[in-house]
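Subject: Structure handover

Hello,

Please find the structure below, with notes on what was found in it. The notes follow the order in which I would go through the model.

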Amino acid sequence: MLEVIDINKTFDNGFEALKAIDFTIEKGDLVCLLGPSGCGKSTILNIIAGLLSPTKGDIKFDGRSVVEVEPKDRNIGFVFQNYALYPHMTVLENIMFPLTVGPKKKDKAEAQKIAEEYMKLTNIEELADKKPGTLSGGQQQRVAITRALVQNPEVLLLDEPLSNLDARLRLKIREEIRRLVKEVGITTVFVTHDQEEALSISDKIILLNEGVVQQDDDPQNLYLEPNNLFVAKFIGNPIINTFEAEVKGDKLYFDDYSIPLSNFKEDRFKEKLVDGKYILGIRPEDVHPSASGIFKAVISQVELIGRERILNFYLNEDRFKSIVSVEEQIDAGMELAFDFAYKKAFIFKESGERVY
C-alpha cells in the first residue's frame with residue numbers, strides 16, 4: 001500500500017505547488033494522477049520517488065515512512081517522459097544495468113538471466129543487441145518500462161510515458177502497460193494530462209487542479225458523479241454544456257427558458273436550492289432533439305464521428321453540443337427544438353460546488 005499523507009510543497013520562490021495532498025493506493029493497483037499542466041502531478045511523483053522533499057507531510061510504503069529514505073533505497077522503478085536510456089549501451093545492457101549496481105547487485109550471469117526473463121514478458125527479446133538510437137519511440141518505451149520492472153520495485157512511477165508517441169502507438173502501449181503491471185502485480189502511479197488515457201487504464205483516478213485533489217475516485221464516477229464544476233468540465237469529450245441559471249421559487253431559469261425544479265430527481269439534491277444564481281451542466285449525449293423541446297436553436301455545424309453526429313448550436317452567444325445517432329438526418333441550418341435528461345443534469349453553485 002502507498003500512502004500520501006497531508007503533503008504540502010512550497011518552493012523557495014514561495015510558490016505553493018501542493019496543498020494538503022492526501023490519498024491511498026492499494027497494493028497492485030494502477031492509479032493515474034490526472035490534471036492540466038502545472039497542477040502538481042509530477043511534483044507528487046518526484047516526492048514519492050524522493051527526488052523532491054515535501055515541505056510538510058509523509059509518504060508511507062506498506063506502513064513505513066520513506067520520506068527520509070534516499071531515492072536509491074526506496075525500491076521504486078521510475079519511467080521518465082524521455083525514457084533516459086543509456087545511448088552507448090545495448091538494450092540488454094540497459095536492462096541489466098540496475099541489477100549490477102548498488103548493495104544488492106547481482107553477478108553478470110544472474111543479471112542477464114533476469115533481464116532476459118523480463119524482456120520476454122515485454123516482447124523485446126529481438127532488440128537485445130540494438131542501441132537505443134536505432135529504436136522507434138515505442139520500442140524505446142518498452143525498453144524503459146522493462147528496465148524499471150526488472151528491479152522488482154515496490155512502486156512503479158511513470159511520468160507521462162506516452163506523450164512522445166503518436167496516437168495509434170499510445171493506444172497500443174497503454175494497453176500493454178496495463179497488462180504488464182497487473183500481471184506482475186506492482187503498485188503503479190501513472191502521470192498523465194490525457195483523460196482518455198487515464199479513463200482507459202486506471203483502477204482509480206486522482207484528479208488535481210492547482211495543487212489540490214478535486215476528486216479521488218473510480219474512473220466512471222468522475223464522469224457520472226463529479227464533485228464539482230472543474231471535474232465535470234475536465235472529464236468528458238465533448239466537454240459538458242454549461243448554462244448560467246437562476247433559481248426563483250420553484251423554477252430554474254436559463255436564457256429565456258424555465259424548468260420546474262420538480263423535473264429534477266429529488267434525492268440527487270445535496271441541499272435545498274435557495275433563490276440565487278447557479279450553473280446548469282448537461283452532457284452532450286443528454287441533450288436531444290424533441291418536438292416538445294423546451295428551447296429552440298439553429299444548427300451551426302454538424303460533426304460526423306463514426307456512429308454519431310455532434311450537433312453544434314448557440315443559445316445567445318454560448319455554444320452548445322448535442323450528440324445524436326448518425327442515422328438522424330440533421331444538417332447545418334436546420335432549426336430544432338431540444339430537451340434534455342433532467343435526471344442526468346448537474347447544478348453547481350457559482351463557486352463550482354455541486355448541489356445536484
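**Thr146 and its surroundings**

Apart from neighbours within four places in sequence, Thr146 is in contact with Ile95, Tyr118, Met119, Thr122 and Ile124, where contact means heavy atoms within 4.5 Å. This is a predicted model, in which local features need pLDDT of at least 70 and side-chain atom pairs count only at pLDDT 80 or more, while totals for chains, interfaces and linings use all residues. Residues are numbered from 1 along each chain as its sequence is written, and side-chain values use heavy atoms, with hydrogens and water left out.

Thr146 lies in helix α4. Helices (H or I, at least four residues) and strands (E, at least two) are DSSP runs numbered from the N terminus. Thr146 counts as buried because its relative accessibility is 0%. The classes used are buried for under 20% relative accessible area, exposed for over 50%, and partly exposed in between, with a 1.4 Å probe and protein chains only.

**Asp22**

Asp22 has its place in strand β2 (residues 16-25). With a relative accessible area of 45%, Asp22 is partly exposed. Leaving aside neighbours within four places in sequence, the contacts of Asp22 are Val4, Ile5 and Asp6. From C-alpha to C-alpha, Asp22 and Pro153 are 22 Å apart in space, and they are 131 residues apart in sequence.

**Cysteines**

The structure holds 0 disulfides, a disulfide being a pair of cysteine sulfur atoms within 2.5 Å. Cys32 is in no disulfide, and the nearest cysteine sulfur, that of Cys39, is 12 Å away.

**Pockets**

Rolling a probe the size of a water molecule over the atoms shows where empty space is left. The search runs on a 1 Å grid over the protein atoms alone: a cavity is a set of points where a 1.4 Å probe fits but cannot get out, and a pocket is an open set with protein on both sides within 12 Å along at least five of seven lines; lining residues have an atom within 4 Å of a point. Grid points are joined across faces, edges and corners, and a volume is the space filled by probe spheres set on the points.

The largest pocket has a volume of about 1,000 Å³. It is lined by 28 residues, of which Lys72, Ile76, Pro98, Val101 and Gln151 are the closest to its centre. Two or more lining residues come from each of β6 (76-79) and α4 (137-149). By class, this lining has 17 nonpolar, 4 polar and 7 charged residues. Ala, Val, Leu, Ile, Met, Phe, Trp, Tyr, Cys and Pro count as nonpolar, Asp, Glu, Lys and Arg as charged, and the others, Gly among them, as polar.

The volume of the second largest pocket is about 220 Å³. Its lining includes Tyr223, Asn237, Glu285 and Ile323. Helix α6 (residues 195-201) gives the most to this lining, with 3 residues. The lining divides into 5 nonpolar, 3 polar and 2 charged residues.

**Cavities**

How many cavities of 30 Å³ or more does a search of the whole structure find? There are 2.

- The largest cavity holds about 50 Å³ of space. Thr122, Arg142, Ile145, Ile173, Glu176, Ile177 and Leu180 line the largest cavity. Helix α5 (167-184) and α4 each supply at least two of the lining residues, and α5 gives the most, with 4. The classes are 4 nonpolar, 1 polar and 2 charged. Thr122 is also one of the contacts of Thr146.
- The second largest cavity has a volume of about 40 Å³. Its lining is made up of Met1, Leu2, Lys27, Phe61, Asp62, Glu154, Val155 and Thr187, with 4 nonpolar, 1 polar and 3 charged residues.

**Domains**

The protein chain is assigned domain 1 (2-234) and domain 2 (241-349), with bounds that come from an automatic or database domain assignment. Their C-alpha centres lie 39 Å apart. In the contact between them, domain 1 takes part with 9 residues and domain 2 with 7 residues.

Regards
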